[in-house]
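User: I am new to reading protein models. Can we work through this one step by step?

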Amino acid sequence: MAPGGRTSDLFDNLSASLPDGAARGERVAAGAVLLRGFAAAVAPDFLGELDGILASAPWRHMITPGGKAMSVAMTNCGRAGWVSDRRGYRYDRCDPETGRPWPPMPAVFAALAEGAAAAAGFIGFTPDVCLINCYRPGARMALHQDKDERNFTQPIVSVSLGLPAIFLFGGGKRADGARRIPLLHGDVIVWGGEARHTFHGIAPLAEGRDPRTGDCRFNLTFRRAL
Ligand code: MD3
Ligand code: FE
């Protein structure tokens with residue numbers, strides 16, 4: 001027990017581990033740390049890099065194993081990418097649309113993900129995949145778990161850009177009620193430990209226009225997949 005307080009007080013406010021003026025860390029659940037605005041300063045660099053990635057790996061609506069097109073458009077960068085088709089979900093070193101390797105992960109992406117993970121206590125996180133999701137109004141992601149990665153001791157770092165969304169944060173079972181957490185431009189969440197296995201999703205995106213991204217919300221998730 002920490003002197004003069006609950007042990008969890010140490011973790012409720014993580015600002016001590018963040019650089020001056022950076023976002024404050026907020027623990028939204030065991031193992032999940034929300035860093036409001038942590039990526040706001042690098043967002044213009046992210047959007048510039050995204051243009052380059054899309055030039056060689058354009059948006060596509062992947063097909064679920066059940067045969068339906070996902071409402072979220074996706075692409076990847078890094079040593080591998082997450083793909084879905086009739087055969088199932090997996091990580092693949094090549095883009096199935098082009099047969100070529102995914103574009104490399106920009107240094108500014110890797111640095112942000114490593115910094116966010118470190119701020120949440122995951123020192124030495126080195127992502128090898130960045131899955132990039134594009135939501136337009138009406139697009140959603142049903143409650144699911146991320147189970148296709150090889151090593152669950154590694155966290156997932158998510159970065160939100162552009163239009164706001166309602167993140168649905170469920171429990172360990174699909175039927176557990178989901179909390180609704182608004183995610184705004186620049187917000188970063190680090191999902192590790194227990195939170196790594198929780199069901200989560202995104203409510204249908206509301207209409208809107210963002211000065212930086214137009215009618216889109218981008219979500220980048222940094223993963224250690226291989
Ligand atoms: C909690 N993406 O790509 S990011 C996904 O906003 C995905 O596009 C959502 O779920 C999005 O798989 C949510 C936040 C997120 C990502 C991975 C998690 C939360 C997570 C893995 C485990 C627990
Ligand atoms: Fe997910």
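Predicted model: local features only at pLDDT ≥ 70, side-chain atom pairs only at ≥ 80, totals over all residues.

User: Which protein residues are the donors of the iron ion (ligand 2)?
Analyst: Look for the protein atoms that lie 2.1 to 2.2 Å from the iron ion (ligand 2). In sequence the donors follow the spacing H-x1-D-x53-H.

User: How many residues apart in sequence are the parts tied together by histidine 144 and histidine 200?
Analyst: Histidine 144 lies in strand β7, residues 141-144. Histidine 200 lies in strand β12, residues 200-202. The pair therefore ties together parts whose separation in sequence is 56 residues.

User: Is histidine 200 buried or exposed?
Analyst: Start with the cut-off: buried means under 20% relative accessible area. Histidine 144 has 21% relative accessibility, so histidine 144 counts as partly exposed. Histidine 200 has 16%, so histidine 200 counts as buried.

User: Which residues of strand β11 point the other way from Val188 and Val190?
Analyst: Strand β11 covers residues 188-191. Val188 and Val190 point one way, and the four named residues are all buried. Pointing the other way are Ile189 and Trp191.

User: Which residue stands opposite valine 190 in β11?
Analyst: Strand β2 (residues 32-35) runs antiparallel to β11, joined by four bridges. There, leucine 35 stands opposite valine 188. Strand β8 (residues 156-162) also runs antiparallel to β11, again with four bridges. In β8, the residue opposite valine 190 is valine 157.

User: What is the relative accessible area of aspartate 85?
Analyst: Aspartate 85 is found in strand β4, residues 81-85. Aspartate 85 counts as partly exposed, because its relative accessible area is 22%.

User: Which side chain makes a polar contact with the side chain of aspartate 85?
Analyst: Aspartate 85 touches Ile63, Thr64, Pro65 and Arg90, leaving out residues up to four places away in sequence. A backbone atom also comes in: the nitrogen of arginine 87 lies 2.8 Å from a polar atom of the aspartate 85 side chain. The side-chain to side-chain polar contact is at 2.7 Å, and the partner is arginine 90.

User: How far apart in space are aspartate 85 and proline 96, C-alpha to C-alpha?
Analyst: In sequence, aspartate 85 and proline 96 are eleven residues apart. In space, their C-alpha to C-alpha distance is 9.8 Å.

How values were computed: Residues numbered from 1 in each chain as written. Chains lettered and ligands numbered in written order. Heavy atoms only, no water. Buried < 20%, exposed > 50% of the residue type's maximum accessible area, 1.4 Å probe, protein only. Helix = DSSP H or I, 4+ residues; strand = E, 2+ residues; numbered from the N terminus. Pairing = 2+ DSSP bridges. Donors = N, O, S within 2.8 Å, 3.2 Å for Na, K, Ca; no water. Contact = heavy atoms within 4.5 Å. Polar contact = N/O pair within 3.5 Å; in protein donor to acceptor, adjacent residues only side chain to side chain.
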